[in-house]
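Thank you all for making time this morning. I would like to walk through one model with you, going from strands to helices and then to whole chains, so please bring the view up on your own screens.

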Amino acid sequence: MESAVIENTKPAMKKRKTISDGKYAILLIAPAMVIILFFALVPLFYATSVSFRHADLTMGGLQGWVGLDNYRTVLHETKFWSTVKTTLEFTFFAIIVEMTLGIFIAFLIYGATWGKGWIRSLVILPLAMAPAVTGLFWRYLYDTQFGVFNYFISALGLPWHPNWLGDIKLGMISLIIFDTWLWVPFVALIVLAGLQSLPKEPFEAAELDGASTFQVLRTLTAPMLAPVLTLVFILRTIDLLRLYDSVATLTRSGPGDTTETMTYYLYRQGLVFFRMDYASTMALLFMFAVIVASGFALRPLLSRLAKRAGAR
Amino acid sequence: MKGNFWKLMCFLIVTVMVISGCGTKATTAPETAAPATTAPETTTCNDADRVPITWSTIAGFYTDAMTSIVKDFEAENCVKVTIVGIDNAQLYDKQIIEAVGETGAYDVYNIETAEKAGFAENGYILPMDDYIAANPDKVAYDDIAPVLADITTKYKGHIWGLPYYTYTQGQFFRQDLFDDPTEQAAFKAKYGYDLKPPETWQQVTDIAEFFTRKAGENLKGVPLTKDFYGIGLMAGPYQEIQDELSGMILYKGTDWLGSDGSILVKDEGNLWALKWYVEKLLPFAPPAALTVTYDGVMNQMQDCQIAMTANFFLDQWPNAANTDNTCPGAKMGIGVGIEKTTYIGAFLMGVSSSSKHPKEAMDFVAYMAGKAAQTKFASMGGSTTRVSVLTDPQFNTAESWWKTGHFAYLLKVFENMKDAKSNLFYSPYGAKLYNAMGLIYHQAAVGEKTPEVVLKELYDTFVNICGGDVCTVNK
Amino acid sequence: MLQQKESKAFVILRYTIIALILVAILFPIVWLILTSFKPAEDIMVSPPHFFFKPTLDNYIYALQKANFLMFIKNTLLVAIISTTFVVVLSSLAAYSFARYNPGGGNVLFFILTTKMFPAIAVVLPYFLIFKEIGNTGIGNFLQIGLDKPGALIISYTMFNLPFAIWLMVSFFQDIPRELEDSARLDGYNRLQVLRKVVLPLAMPGIAVTAIFCLIFAWNEFLFAYVLTRDAARTITVGVESFFTLRGILWGPVAAAATISVVPMLIFVLILQRYMVRGLTFGAVRG
């Protein structure tokens, strides 16, 4: 689209040659990409190179090339696969709970006529508090001797004395509850923002046409909200797969190793045992797995993006 | 509206920059000794000339005591010491990262007994032999409890630092329960021998079983308002579970590693220890035992929930002693540990090999571990490593019982354990092996796997870490 | 969804459920704040003490003895600056992706993949990179290096960019193209269209992104712990100084956490207003 003619109608503008849309687009993403390229690729290359070498930081540091040995070692380790299984289990249940509750709460707040601002600010508090403290504090809340949860349960007269963090059957559930508490606000607020960005006209038109709430939901809200929902789903899933903070502060992979996620195991390999080679290897394997999996999930999203961008 | 947003952001940024600009160079205020302008100066030394030394140590660590002791050091030396407090769980990692990166950020490290060999082997710390030979009175090396000096400072024939705080284990228990006539009679009737603080593991089990009662049952003739448990254990996913097990393992005449480096973790003695722990001790501990470490046990004791600990860190005595205040009728007693075999160890201060001021750093280490500093430290309740301070009469009075009552017992433990030193402390793999054990033992404690399976897994982990079935031990 | 007139019963039901959810979400936080006012002997007790004599000792300890103000200041600096960078850079980039999609979907996909790499594996390279930069003249001048705020600012900008870009792309996409096109026809150039038309409409998205970037920077632990030692320590690292050898000091921990959540609350309250759909919508036409 030639814009030279239009430029001339704004006398205050300097007369300059306009650049093409393509170059303009690249200019806009340039600053962000510079940072991302440098601070993502350089460490990535470093980590990749470490994964092909022997690297035990407390025993001589970075050493020579070992080819694919690290990969073989990691892939043959049963421990690695059991942490992968734990991670997948956790992610599966947690994402369902978090998305459902998050969407529900978003709609709940959206429909509220009063106090939205306050509710929003309060709802974000779990996430806004230092996770090192909240995780630790929840350990205390879950404590069988000193914790409030069990106190309330017995106060209600229930003959149940759960050992939230000590019972191998409950450990994963306790972790999911904690993570949900932390992250449902995230889901809810983003979906809420999405709801509030929706243009009003289609809905006004639908009301004039006499459509029922359910019809509106199905034909208007859902499709228009879909990109945001998909995005939140993907972001949360990636973060759940990478779960480290909650495990480090709340369960430390306990009870037993029932909550030992892959990244916590990775962390121990890298920063407790200082086997940077194994840590890098696992990280790369993890990344490739997630890329492949999300490639499938993201394809519809990306093609929709391309379509909307391409349509001019 | 958008304009306002950016204005707001700019305003906030400028404000923050102004605030940060106006502050002094950031210090960890009270943890750093301020330039000693008010203390009587015995050297004429300008602040600008002071050699900077950074000491990385455990956070919140007797902050007041350390600050004032450091001030004393600064008064006599032209040095400025910055204390960086780091949470114990991260201390090892952080120091290693800085050591590997050779940043010279920390001049003096805080090293655990199990970590010493690794630091030395990797060349991260400097040997202090020459310094000690040149400054015999300053260091007074022989005054350090001999068994501590051996396991915490010696490796491959050199001395690698000086110990300044010991967490050697003994035992704490509710003396009032053992003195109660009702309980004594009931116990004798049930078990056939007199009730007194336990000396064998069988006695520990009997007594723990005896005192485990539900709310409503009587304790010392009075009904309980909440459940009571015979023993408190550190069975959570932390490193302390192996400290609890270590005394049991050593009692059986075995160890984690042989003196030739062979891996012994699944031998009979080790199996007995783990099984006894899981089957004969844990059932009498609160459910929370599976989730806590030493501070949890101390909280339980202070809240009238447990009758005794297993082998436990004597440096926690001030916490244990507080039970007399928090639990009506309680009177705490101290023991030397079951079968007189417990876990001994201390923190030592070592000088970084990438330090830019090694001489001053060594002076600092010598001072902090020296008699004057250790005495002051002890007066504030710190568990000192020097025999002369442990035997100092001022710390063995009725008044100082609450803070230093454990000193006499520390001496006894050192005497009892003088020949038994775990080989783990002489292996460069020590730190990693030590860091690996806790989570694995914990799996047996929660019943996720049987002791046999767990020990097999532990064995495999050891092999993994040591790169073979021998973990070098260099005594 | 329209704000239809709801029946009274429905409104009551809605607010009841909201109240219950708020109770569930806020109970641990309220308990934490209560703990911060409890004297030590009322904290680790069973059964829990709901009534006690409040004290400010924990706050005094946190602020004075533990020098918590410095941690808060450091964290504020790092969080605000990195968030500003992120918001600016990501808005531009996200707009470009939404409208022009440079690189097909590939560049965008690549950006997301950077999020998939577990941070622990890059901790060492980051440590080394900043160590080197910190030794140079520029690094010193810009305060970039180990134990300097610049290192954390750059790191957090890097972490939050992918998330911010992706989040904002979807918000930008929701803005009808017709608005931009009609503004172009009215004579505005591309940058002006972006500034005057698009950004105001994308405010809810930008505000939400800003809030989360602030929170993530505020709460980040791993890199704060590795890249700082003393002077540049943040709240999350500083809180750990209450985990002492004599046990965890619950009172001061709770006080520190309460203090550190206040700035966050203020930010969220400020950014609230921008989360409502812009009033300039519709003003561009005619």
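Predicted model: local features only at pLDDT ≥ 70, side-chain atom pairs only at ≥ 80, totals over all residues.

In chain B, strand 3, which covers residues 108-112, runs antiparallel to strand 12, and five bridges join the two. If you look along that pairing, you will find B:Ile111 standing opposite B:Leu348 of strand 12 of chain B.

Let me move to chain A, where strand 1, residues 53-56, and strand 2, residues 61-65, form an antiparallel pair with three bridges. Within this pair, A:Asp56 has A:Gly61 of strand 2 of chain A as its bridge partner. The hairpin made by strand 1 and strand 2 of chain A has four residues between the strands, and in it A:Gly60 takes a positive phi near 95°.

As for chain A overall, its secondary structure consists of 14 helices and two strands. The radius of gyration of chain A is 25 Å, whereas the globule rule gives 20 Å for 312 residues, and because the value is well over that figure, chain A is more spread out than a compact globule. Its C-alpha trace spans about 70 × 65 × 35 Å along the principal axes, and buried residues make up 46% of the 312 residues in chain A.

Chain C, for its part, has 13 helices and two strands, and its C-alpha trace spans about 70 × 65 × 30 Å along its principal axes. Of the 286 residues in chain C, 58% are buried. Among the contacts in chain C between residues at least 6 apart in sequence, 74% join residues at least 24 apart.

Which brings me to how these two chains meet. In total, 88 residues of chain C are in contact with 94 residues of chain A. Several helices of chain C each supply at least two residues of the side that touches chain A, among them helix 1 (8-36), helix 3 (68-99), helix 7 and helix 13 (250-272). By class, that side of chain C has 62 nonpolar, 19 polar and seven charged residues.

The contact is made by A:Ala32, A:Ile35, A:Ile36, A:Phe39 and A:Ala40 from helix 2 of chain A, together with C:Ile154, C:Thr157, C:Met158, C:Leu161 and C:Ile165 from helix 7 of chain C. In terms of residue class, this contact has nine nonpolar residues, one polar and no charged ones. I will stop there and take your questions.

Key:
Residues numbered from 1 in each chain as written. Chains lettered and ligands numbered in written order. Contact = placed C-beta atoms within 7 Å. Nonpolar A, V, L, I, M, F, W, Y, C, P; charged D, E, K, R; others polar. Buried ≥ 20, exposed ≤ 12 C-beta atoms within 10 Å, placed from the backbone. Pairing = 2+ DSSP bridges. Rg over C-alpha atoms; globule rule 2.2 N^0.38 Å.
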